[in-house]
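Q: Please take a close look at a single part of this model. I would like one connected account.

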Amino acid sequence: MIIREFYETRFDGVNLYRTYSNTKHYIKQVQTGHIYSEAIDVENAPYTYVETEDLIPEPEEPENSEHNDKEA
Amino acid sequence: MNILTLNTLNGDKVIVRGGNGGGGNSGGGSTGEDIGANIFAPFIDDGKTRIWVQILQDAERGIALNYTQSLTNGISVDFGDGSPARFHTKVSPNNCYIEHTYEKIGLYCITLTPVSDSVTYELGNRSYYNPLMPKDRSITLSANTMIRVDIGKGCVGIPYAFVKSPVRVVNFSPNIQLKSISQEAFSDTVCPKFIIPKTVTAFENGCFSNYSASSLRIIDCASLMAVPSLANTSTLPSKGYGTPYKIIVPDALYDEWIAATNWSAFVNYIVKASEYND
């Protein structure tokens, strides 16, 4: 589900709103097609969002990875 | 041994030791025509990518180079010590991983040369690897190992290229085809200034995240023709990350930039190019 919530008020008085997926999916900005993991927009931004099918991956740590294509 | 100092863009100094390494590219600071011997050489836009490395101790003589390429044997790799050029058969998205051991400590320039203008490549890979790593994964390369990287025009991606790396200077070819600052590209590095190529249209997830406190000074976007997308607010360091940095943008795009998705949260950092005084 897409969630939109108040984020903060900037020093210039502009209110910002945060949009994200509560199921940790990427979201797509309908008007541009851009993909975001979260979107901070000014209050009157003309954007709407839909969830994509892609989950936001958990961060990887290099120490836990292994090369598959090693060639000496 | 010669001991030279590289002045970085934020006034820090990197000590470069040379003079007793192996091959023709040791002896940092020499002024011959061989660019590999001179870490202070100006950027040359000849299509090649150059990585200056400083091997400071015997335990670090073994290194591994990571990249991807669009064509089998598409990139010639010269490790800068007189050894024969190396190639790799894997094609993107598979990773090319070439190990090399220098005979002596010293300063070297690794040169990646595409075999034709149609060959593209990425530095690093999307499994969280720098272009340059220790061959022995149980050790960590010294802080001054990868000092300077000049990225040639055939490079189309820098995924994880400099995450947690000690690189101090990164130069992009003015003719580079880079479309995005790739995922985690400059995460947690110490380089103070980046001039973003004009072709960039996206800042991918985490490309400047967890930036070392007080290191970052400037993200110069002044040459961009449009506001790039910004994956999320974690992509850039924000409140609590030491000395504030500046994002320099074209005057004509300033209003659009501070209203753009996710950039809107960084209004305190965004300045017009005409109003920025270094």
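How many of the five residues of strand 3 (residues 25–29) of chain A are buried?

A: Four of the five are buried, so strand 3 of chain A is largely enclosed by the rest of the structure. Buried means under 20% relative accessible area, exposed over 50%, partly exposed in between (1.4 Å probe, protein chains only). Strands are DSSP runs of E, at least two residues, numbered from the N terminus.

The model is predicted: local features need pLDDT of at least 70, side-chain atom pairs count only at pLDDT 80 or more, and totals for chains, interfaces and linings use all residues. Residues are numbered from 1 along each chain as its sequence is written, chains are lettered from A and ligands numbered from 1 in the order written, and side-chain values use heavy atoms, without hydrogens and water.

Now the partners. Two strands pair if DSSP finds at least two bridges between them. Strand 3 of chain A runs antiparallel to strand 6 (residues 49–55) of chain A, joined by four bridges. Strand 4 (residues 35–36) of chain A also pairs with strand 3 of chain A, antiparallel, over two bridges. A:Ile27 faces both ways: it stands opposite A:Glu51 in strand 6 of chain A and opposite A:Tyr36 in strand 4 of chain A. Strands 3 and 4 of chain A form a hairpin with five residues between them. There A:Gly33 takes a positive phi near 85 degrees.

Confidence comes next. pLDDT is the predictor's confidence in each residue, from 0 to 100. Chain A averages 84, and 81% of its residues score at least 70.
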